[in-house]
Amino acid sequence: MAYNKGKIFIHGANKTAANAYRKQFQTDLAGFLKMRSKEMKKGGSMFIALLGRTSEDPTDQGGAGLLFGTHFQDAWDDLVQEVIISYGFMIRLHIVFP
């Protein structure tokens, strides 16, 4: 089900879409950390950089998040317009930005 009306980015999403993005992000991050932990050497460390927010509203991706996300959305839209990927494929991605 496409929660975000053809967009792959959370900015300006409704509450249902925001909750879907949040749940997917939690699942994806937990899976990512679990898999990376299996690859690490005992006593090793990992560095992760995440963009912060200036608002408590998860759909407000202001600042660097908005700049990054809108360019990312534009790039995916270009792939669809150039028929490199289908619109149906794009809306099934549900890419999550923390």
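Mentor: Helices (H or I, at least four residues) and strands (E, at least two) are DSSP runs, numbered from the N terminus. By that rule, the protein chain reads α-α-α along the sequence. It has three helices and zero strands. This is a predicted model: local features need pLDDT of at least 70, side-chain atom pairs count only at pLDDT 80 or more, and totals for chains, interfaces and linings use all residues. Residues are numbered from 1 along each chain as its sequence is written, and side-chain values use heavy atoms, with hydrogens and water left out.

Trainee: Why is I48 called partly exposed?
Mentor: Buried means under 20% relative accessible area, exposed over 50%, partly exposed in between (1.4 Å probe, protein chains only). I48 has 38%, so it is partly exposed. I48 sits in the loop between α1 (15–39) and α2 (64–81).

Trainee: Which residues of α1 are buried?
Mentor: A17, A18 and Y21 are buried in α1. Across the protein chain, 19% of the 98 residues count as buried.

Trainee: How do you know what span to expect of α1?
Mentor: The expected span is 1.5 Å times one less than the number of residues. α1 has 25 residues, and 36 Å is expected. From first C-alpha to last, α1 reaches 36 Å, close to that value.

Trainee: What share of contacts in the protein chain between residues at least 6 apart in sequence joins residues at least 24 apart?
Mentor: Contact means heavy atoms within 4.5 Å. Of those contacts, 58% join residues at least 24 apart.
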